[in-house]
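Here is a short briefing on a metal site. Take a look at the model first, then walk through the points below.

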Amino acid sequence: MTSTAIKNRTEEKFVPILLDSLRVDSILEFDLYLPVNSQLVLYRSAHLAFTERTRQRLLENRVDRLFISFENRGAYQHYIEANLNTILNDPTVLEEKKAGILYDTSTSLVKDVLSNPTYGENIKRSQDMVSNTVGYILKGREAFLSLLKITSFDYYTYTHSVNVCTFAIALAQQMGFNDEQFLNDLGMGALLHDVGKSKISDRILNKRGALSPIEFEIMRKHPKWGVDILQDSSMVSEESYYPVLQHHERGDRRGYPHGLALNEMHVYSRIVAIVDSFDAMTTERVYQRAMETYPALRIMFALKGAYDEEILRGFCELMGPSGLAEM
Ligand SMILES: [Fe+2]
Ligand SMILES: [Fe+2]
């Protein structure tokens, strides 16, 4: 769901959804609203099947966007997660719409995970989401580019988590790793790499100025806390723990928590360290303007030994072969 919310006269909030996200013959557990004379009116009540006739009528009237009430977001999220695989494999849905639906559904899911990370159901939902993302990215470069186009440049832990997951899977595939289990375990670790931040207060996470030594110590604990959360759930493959624990390690031993060398870092961690740094640099933060893609990559190359150079080259190629010549 996009963050655009509108209000009608009763001050009830609504959010837009794409017509393409509604599956013909499925039962919708949420009311649908349409804008009429700059007001939203109830178009179809919940618990009714969405029929081909309804869909055609909307298309004839050039409606490709409907609205649901704010309170129904959970029901819509549940519906869309259950139907995501079908939507992503529907040849009649445009690539950019698929990418938008996948991205919005993933970010909403990660919001839920961060607010309740030990809830087993949330972990299961994350696994399904990662597997859908892997399947989508494996379709080819066009799919990845569509996702890249709609990637948020505003930094929130939930958008950052989805960006890192998308980049990590696409980068691994670019490096020749096509095994689905490999990509799923990597994707899960990437999606949840900052889940330990759920234990840190917003005051520290969003602080404008420099962190105090104590606050910095707390921040440095999030990789370990992330692994603790995954271990508690006992539903996540142990391979996925590596990028959670090691994404702030740097090949020059200047990282944390353990000051590892590059050859001591798991391949998942070497991938996630790169895409995590990249996304942090290229998104708008309270204390920093977003950087462009190639200046950010150039800085990463200049930090000799911090990142796996072969994987970093692969990442440059993924982001656009033309930029590689500038490195
Ligand atoms: Fe982190
Ligand atoms: Fe991160």
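Along the sequence, the donor residues of the iron ion (ligand 1) follow the spacing D-x27-H-x24-H-H. Donors here are N, O and S atoms within 2.8 Å of the metal (3.2 Å for Na, K and Ca), and water is not among the atoms, so sites may look incomplete. This is a predicted model, in which local features need pLDDT of at least 70, side-chain atom pairs count only at pLDDT 80 or more, and totals for chains, interfaces and linings use all residues. Residues are numbered from 1 along each chain as its sequence is written, chains are lettered from A and ligands numbered from 1 in the order written, and side-chain values use heavy atoms, without hydrogens and water.

**Iron ion (ligand 1)**
- Its protein donors are Asp194 (OD), His222 (NE2), His247 (NE2) and His248 (NE2), lying 2.2 Å from the ion.

**Iron ion (ligand 2)**
- The protein donors of this ion are His160 (NE2), His193 (NE2), Asp194 (OD) and Asp276 (OD), lying 2.2 Å from it.
- In sequence, the donor residues of ligand 2 are spaced H-x32-H-D-x81-D.
- Asp276 is buried, at a relative accessible area of 5%.

- Asp194 coordinates both iron ions, which are 3.6 Å apart.
- For Asp194, the relative accessible area is 1%, and the residue is buried.

Key. Buried < 20%, exposed > 50% of the residue type's maximum accessible area, 1.4 Å probe, protein only.
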